[in-house]
Amino acid sequence: MGYNKIYIQIFDSATGTAASKANITLSSLMNMATMYHASPVEQADSTTKDGYFVGAVVFIMATMEPTDTWTLTVNFKNSSNGKAGIVTIPVSIKSSTNITSFVASDSSKLFTTYIPIAKPQVGINDIEFTIHQKASMMSFPAVNDVSVEMTPDMPTMGHGSPNNVHPTLTANGHYKGKVNFTMTGQWRITLVIKKGLVTLGTTSFTIIL
Ligand SMILES: [Cu+2]
C-alpha cells in the first residue's frame with residue numbers, strides 16, 4: 001500500500017531491442033468479492049530514463065481476502081515502429097500505514113500518502129506526501145488546490161521540534177516540505193489539510209528513527 005514507483009522496460013520479441021520511446025498508459029484495478037475499483041496512477045513519460053519508463057501507482061488497499069486481486073495493466077505503443085501491446089500483471093499488496101484516507105469536510109474522499117524518507121536522519125529531512133481524491137471507483141485525480149500544515153511531535157515524550165517547513169505543492173498532487181527530527185525515536189507527523197480557510201481534515205503518520 002502507498003506510493004510505488006513502477007519501472008517498465010519494453011523489448012521487441014523478434015530483435016530483443018529495448019524501446020526507448022513509447023506511449024504508455026498504466027492502470028491499476030482491484031477486484032474484490034463484491035466490487036472493483038482503481039487507484040491513483042502517475043503515467044510514465046514517453047521516453048526512458050536510465051533504460052526505464054517510470055510511472056507510479058498509489059495502492060490504496062492491501063490484498064487481504066483470498067478473493068482480492070490487484071492487477072497492473074500496461075498499455076503501450078512503441079513510437080519507433082508503431083507496434084502496440086497490452087500486458088496485465090497480478091500484484092500482491094502488503095498492508096502499510098503510509099497511506100491514510102478520510103472523508104473531508106466538503107464530503108470528498110481524500111487519500112494522503114507519505115512517501116517514505118529513504119534514510120531519516122536526526123536533523124532536517126526533506127519530506128514528501130501525495131494527496132489524491134476519490135472522484136469515482138475508477139478515478140483518483142491528484143489534489144492540487146489544498147494547503148498542508150505539518151506538525152511533528154514525539155507523542156511518548158511530549159515535545160515537538162522547531163524549524164519545520166510546511167509541505168507545499170510541487171506538481172501532480174505532490175507536496176514537499178522539511179521536517180526536523182531533533183532526536184531518534186518515534187515521531188508522529190500530523191497534517192492538517194485545508195482548502196482556503198476551510199479545514200478538510202487531519203491525518204497523521206508515524207516515522208521511527
Ligand atoms: Cu479494494
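These legends walk through several close-up views of a predicted model.

**View 1**
Of the 209 residues here, 38% count as buried. Take the contacts between residues at least 6 apart in sequence: 58% of them join residues at least 24 apart.

Where they meet, 13 residues come from domain 1 and 11 residues from domain 2. Together the two domains bury about 1,000 Å² between them, with 77% of that on carbon and sulfur atoms. Look for charged pairs across this boundary and you'll count 0 salt bridges, though 2 residue pairs are in polar contact.

**View 1. Domain 1's side of the contact.**
Zoom in on the face of domain 1 that touches domain 2, and you'll find β1 (2–8), β3 (36–37) and β5 (53–59) each giving at least two residues to it. By type, the residues on this side are 9 nonpolar, 3 polar and 1 charged.

**View 2. T113, tucked away in a strand.**
T113 belongs to strand β9, which covers residues 109–115. With a relative accessible area of 0%, T113 is buried. What does T113 touch, leaving out residues up to four places away in sequence? The list is G2, Y3, V58, N98, I99, E128, F129, T130 and F205.

**View 3. T156, out on a loop.**
Now switch to T156, in the loop between β11 (147–154) and β12 (159–160). Is T156 buried or exposed? T156 counts as exposed because its relative accessibility is 63%, and the cut-off for that is over 50%. T184 is 28 residues away along the chain, and its C-alpha atom is separated from that of T156 by 12 Å.

Side chains of opposite charge can pair when their charged atoms come close. The structure holds 5 salt bridges, and one of them joins the side chains of D126 and K178 at 2.5 Å, N to O. D126 sits in strand β10 (residues 123–134) and K178 in strand β14 (residues 174–181), so this pair links distant parts of the chain, 52 residues apart. D126 is exposed at 55% relative accessible area, while K178 is partly exposed at 35%.

**View 4. D145 and K195, a loop paired with a strand.**
The side chains of D145 and K195 form a salt bridge with an N to O distance of 3.6 Å. D145 lies in the loop between β10 and β11 and K195 in strand β15 (residues 186–195), so the pair ties together parts that are 50 residues apart in sequence. Both partners are partly exposed, with D145 at 47% and K195 at 35%.

D153 is buried, at 18% relative accessible area, whereas R188 counts as partly exposed at 32%. Elsewhere, salt bridges with shared partners join D106, D145 and K195 into one network.

Technical notes: Residues are numbered from 1 along each chain as its sequence is written. This is a predicted model: local features need pLDDT of at least 70, side-chain atom pairs count only at pLDDT 80 or more; totals for chains, interfaces and linings use all residues. Side-chain values use heavy atoms; hydrogens and water are left out. Contact means heavy atoms within 4.5 Å. Buried area is the accessible area (1.4 Å probe) that two parts lose on being put together, summed over both. A salt bridge is a side-chain nitrogen of Lys or Arg within 4 Å of a carboxyl oxygen of Asp or Glu. A polar contact is a pair of N or O atoms within 3.5 Å; within protein, one must be able to donate a hydrogen and the other to accept it, and residues adjacent in sequence count only if both atoms are side-chain atoms. Helices (H or I, at least four residues) and strands (E, at least two) are DSSP runs, numbered from the N terminus. Ala, Val, Leu, Ile, Met, Phe, Trp, Tyr, Cys and Pro count as nonpolar, Asp, Glu, Lys and Arg as charged, and the others, Gly among them, as polar. Buried means under 20% relative accessible area, exposed over 50%, partly exposed in between (1.4 Å probe, protein chains only).
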